[in-house]
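Open the viewer and get ready to click. Each stop tells you what to select, then what is there.

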Amino acid sequence: MDNFQIETAQNVSIYQNVAGIGDRLLAYLVDVLIMFTYWIISLFLLASFGIESSDPGDLWTFYMVLGLPTFLYPLFFETFWDGRTLGKSAMKLRVVKLDGSKPGFGSYFVRWIMRIVDITMTSGGVAVVCILMSDKGQRLGDIAAGTTVISEKKRVRLSENLLVQIPDNYVPTYPQVTVFNDQDLQTIKTLFTDAKRNSNHNVIVKLAERLKQKMGVNPEETNIQFVERVISDYNFYTQQ
């Protein structure tokens, strides 16, 4: 379970880095710690102000209202913070749809309500087993909502350097790449790599259009294939 590929409506292939089980557990523990801290502070303030009630019904209602923020915590943060809770943000994780689009409230609600089975009733056992068995890192709530959790951590690879390996029999397609210099190519490669990692297919589309305009070409291949070809062709001509 490392990454998976999706194809957007613009025929752009995007590779998502699936969040590891370790990162997801740490994010969950951070969220639990935050909610636990909220309860400790709330109870401390209640004791400090001497708020009491002799009516069990009033006391039950009071504690239900007090616990509402922790009950709605995952749903609220994921809905209004682009698929992140405080724990997910700390671990650089985010909830996304499998097709690369941003989940709507319905998807976040399904994930949230399924926590009863995934996490609450089974102490997280069902969630862990499902995530480990799924090649897209999905718990039951993700499967029902058509979502998963990705990692936005930057992974430094040799491929992020300016030079890339090209085969000995490589045949270049665009001699026009010589209009760029090393600094241009490093910028292009950085933008392209970050866009693929973060599923920003709009950035790839705009980058490809800018390159086509600069080079004066009209390729028939997809935008992602075109940008990859530009990077390889530049390395071919500059390594000769």
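**Stop 1: the aromatic rings**

Select Y73, F76, F77, F80 and W81: together they form one aromatic cluster. Keep in mind that you are looking at a predicted model.

How many aromatic pairs does a search of the whole structure find? The count is eleven. Look at one of them, Y38 and W39. Their rings sit edge-to-face. The centres are 6.2 Å apart, and the planes make an angle of 70°. Y38 is partly exposed, at 27% relative accessibility. W39 is partly exposed too, with a relative accessible area of 26%.

Is F77 buried or partly exposed? The relative accessible area of F77 is 21%, so F77 counts as partly exposed. The cut-off matters here: buried means under 20%. W81 is partly exposed as well, at 32%.

**Stop 2: two loop residues**

Select D82. This residue lies in the loop between α2 (56-80) and α3 (86-90). Check the backbone angle phi. For D82 it is positive, about 55°, although D82 is not a glycine. D82 is partly exposed, with a relative accessible area of 27%.

Move on to K92, in the loop between α3 and β3. K92 also has a positive phi, about 60°, and is not a glycine. Its relative accessible area is 47%, so K92 is partly exposed.

**Stop 3: a pair of strands**

Colour strand β3, residues 93-97. Then colour strand β4, residues 147-151. The two strands run antiparallel, and five bridges join them. To see one place where they face each other, select V95: it stands opposite V149 in β4.

Stay on β4. How many of its five residues are buried? Five of the five are, so β4 is largely enclosed by the rest of the structure.

Show the side chains next. In a regular strand, side chains alternate between the two faces of the sheet. In β4, T147, V149 and S151 point one way. T148 and I150 point the other way. Residues on both sides of β4 are buried.

**Stop 4: helix α4**

Select residues 105-113, which make up helix α4. Which of its residues are buried? They are S107, Y108, R111 and W112. Turn the view until you look down the axis of α4. The buried residues fall within an arc of 135°, so they line one face of the helix.

**Stop 5: a nonpolar patch**

Select F105, F109, I113, I116, V117 and M121. These residues make a nonpolar surface patch of about 560 Å². Which elements give two or more residues to the nonpolar patch? They are α4 and α5 (115-120). Helix α4 gives the most, with three residues.

Finish on I113. This patch residue has its place in helix α4. I113 has a relative accessible area of 35%, so it counts as partly exposed.

Key
Residues are numbered from 1 along each chain as its sequence is written. This is a predicted model: local features need pLDDT of at least 70, side-chain atom pairs count only at pLDDT 80 or more; totals for chains, interfaces and linings use all residues. Side-chain values use heavy atoms; hydrogens and water are left out. Buried means under 20% relative accessible area, exposed over 50%, partly exposed in between (1.4 Å probe, protein chains only). Helices (H or I, at least four residues) and strands (E, at least two) are DSSP runs, numbered from the N terminus. The arc is that of the directions from the helix axis to the C-beta atoms. Two strands pair if DSSP finds at least two bridges between them. Patches are made of residues with over 30% relative accessible area and no salt bridge: like charges are joined within 9 Å, nonpolar side chains (Val, Leu, Ile, Met, Phe, Trp, Tyr) within 5 Å. Accessible areas come from the Shrake-Rupley method with a 1.4 Å probe; for residues, only the protein chains shown count as cover. A salt bridge is a side-chain nitrogen of Lys or Arg within 4 Å of a carboxyl oxygen of Asp or Glu. Rings of Phe, Tyr and Trp (its six-membered ring) pair if their centres lie within 6.5 Å; planes under 30 degrees apart count as stacked, over 60 as edge-to-face and the rest as tilted.
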